[in-house]
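Hello,

Here is the structure we talked about handing over. Please open it alongside this email; my notes follow below.

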Amino acid sequence: CTATQQKNGDEEADRPEQSAAEKALQEEKSKLDKQLKDMTEKYKRALADTENLRTRSQKMIEDAKLYGIQGFSKDLLEVADILEKATESVPKEEVTSQNPHLKNLYDGLVMTEVQIQKVFTKHGLVKLNPDGLKFDPYCI
């Protein structure tokens with residue numbers, strides 16, 4: 001009988017230890033769950049930041065390309081204007097087969113002007129004649 005009482009007493013002494021161990025494990029589990037939640041949140045934020053950085057970088061690259069193309073196009077427009085003025089300055093009655101050098105030069109200028117206008121059209125530059133129209137800064 002005493003052995004049974006002694007055995008029951010030992011089991012009751014073990015239970016508080018298991019209870020303390022369970023509490024420790026529960027605390028450890030909750031601590032790990034919190035760490036997992038924090039790490040998941042940090043991971044999601046890092047992914048979002050990386051995507052935002054990629055988007056901003058892509059936009060900056062596109063803007064830089066556009067800026068470079070605009071300057072180049074402006075310079076080419078000046079050349080196209082000079083070509084147009086050169087072809088306009090040649091008297092049409094002088095461009096004949098009797099004057100083959102002038103005819104060849106004139107034809108070359110016209111072909112060059114036509115080709116540069118095709119390139120402008122291909123890239124969205126359209127020739128406008130604003131004579132007699134009110135200035136519109138937003139004209140496309």
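Let me start with Arg54, which counts as partly exposed because its relative accessibility is 47%, and a value between 20% and 50% falls in that class. Please keep in mind that this is a predicted model.

Arg54 sits in helix H1, which covers residues 2–89. Its side chain makes a polar contact with the side chain of Glu51, at 2.7 Å. The pair also qualifies as a salt bridge, with 2.7 Å from N to O. The cut-off for a salt bridge is 4 Å between a side-chain nitrogen of Lys or Arg and a carboxyl oxygen of Asp or Glu. Glu51 and Arg54 are three residues apart in H1, about one turn of the helix. Glu51 is partly exposed too, at 40% relative accessibility.

Why can such side chains pair? Opposite charges can do so when the charged atoms come close.

**Other salt bridges**

How many salt bridges turn up in a search of the whole structure? The search finds six.

- Lys29 and Asp33: their side chains meet in a salt bridge at 3.4 Å, N to O. The two residues are separated by about one helical turn, because they lie four residues apart in helix H1. Lys29 is partly exposed, with a relative accessible area of 49%. Asp33 is partly exposed as well, at 39%.
- Lys59 and Asp63: the closest N and O atoms of this salt bridge are 3.4 Å apart. Both residues belong to H1 and are four residues apart, again about one turn of the helix. Asp63 has a relative accessible area of 39%, so it is partly exposed.

**Helix H2**

H2 runs over residues 100–122 and has 23 residues. From first C-alpha to last, H2 reaches 33 Å. That is close to the 33 Å expected at 1.5 Å a residue.

Which residues of H2 are buried? They are Tyr106, Leu109, Glu113, Ile116 and Phe120. Note that Glu113 is on that list.

**Where to look**

Begin at Glu51 and Arg54 in H1. Then go to Lys29 and Asp33, and on to Lys59 and Asp63.

Best wishes

Definitions and conventions:
Residues numbered from 1 in each chain as written. Predicted model: local features only at pLDDT ≥ 70, side-chain atom pairs only at ≥ 80, totals over all residues. Heavy atoms only, no water. Polar contact = N/O pair within 3.5 Å; in protein donor to acceptor, adjacent residues only side chain to side chain. Expected span 1.5 Å × (residues − 1). Buried < 20%, exposed > 50% of the residue type's maximum accessible area, 1.4 Å probe, protein only.
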